[in-house]
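Let us walk through this structure step by step. Keep the sequence and the 3D view side by side as you read.

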Amino acid sequence: MLGRITKFSPEVGFGVIEAENGAKYRFAKNEVVNLNGKLVGHSVDFLVNTRRPQDIFLMTGTPWTAFGDGSH
């Protein structure tokens, strides 16, 4: 599912993703696979399992930085 991070609180480690269909999902920072600085405003691709987002990927940079180890 595609969406955008609209809120994130570094103090508590939780934020909100608004999906393309308008649904909102609360997530924990540790659910983001490829952390890359500031989270708010990033487009994301993620899975939903029982209304919980998981395997959240920030859709920034190249495919190597998003899905790889950055060494290519």
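Predicted model: local features only at pLDDT ≥ 70, side-chain atom pairs only at ≥ 80, totals over all residues.

Start with two strands. E1 covers residues 2–9, and three bridges join E1 to E4. The two strands run antiparallel.

Now widen the view. E1 and E4 belong to an open sheet of five strands, in the order E3-E2-E1-E4-E5. The pairing is antiparallel. E3 and E5 stand at the edges. Each has a single partner strand, so one side of each is left without a neighbour in the sheet. From one strand to the next, the twist averages 45°.

Next, look at the loop between strand E3 (24–28) and strand E4 (43–49). His 42 lies there. Is His 42 buried or exposed? Its relative accessible area is 15%. Buried means under 20%, so His 42 is buried. The side chain of His 42 reaches the backbone oxygen of Lys 38 at 2.8 Å.

One last feature remains. How many salt bridges does a search of the whole structure find? The search finds one. Glu 31 pairs with Arg 52, and their closest N and O atoms are 3.5 Å apart. This pair links distant parts of the chain, 21 residues apart. Glu 31 sits in the loop between E3 and E4, while Arg 52 is in strand E5. Arg 52 counts as partly exposed, at 34% relative accessibility.

Methods. Residues numbered from 1 in each chain as written. Heavy atoms only, no water. Helix = DSSP H or I, 4+ residues; strand = E, 2+ residues; numbered from the N terminus. Buried < 20%, exposed > 50% of the residue type's maximum accessible area, 1.4 Å probe, protein only. Polar contact = N/O pair within 3.5 Å; in protein donor to acceptor, adjacent residues only side chain to side chain. Salt bridge = Lys/Arg side-chain N within 4 Å of Asp/Glu carboxyl O. Pairing = 2+ DSSP bridges. Axes fitted to C-alpha atoms, helices over the stretch in contact; angles between N-to-C directions.
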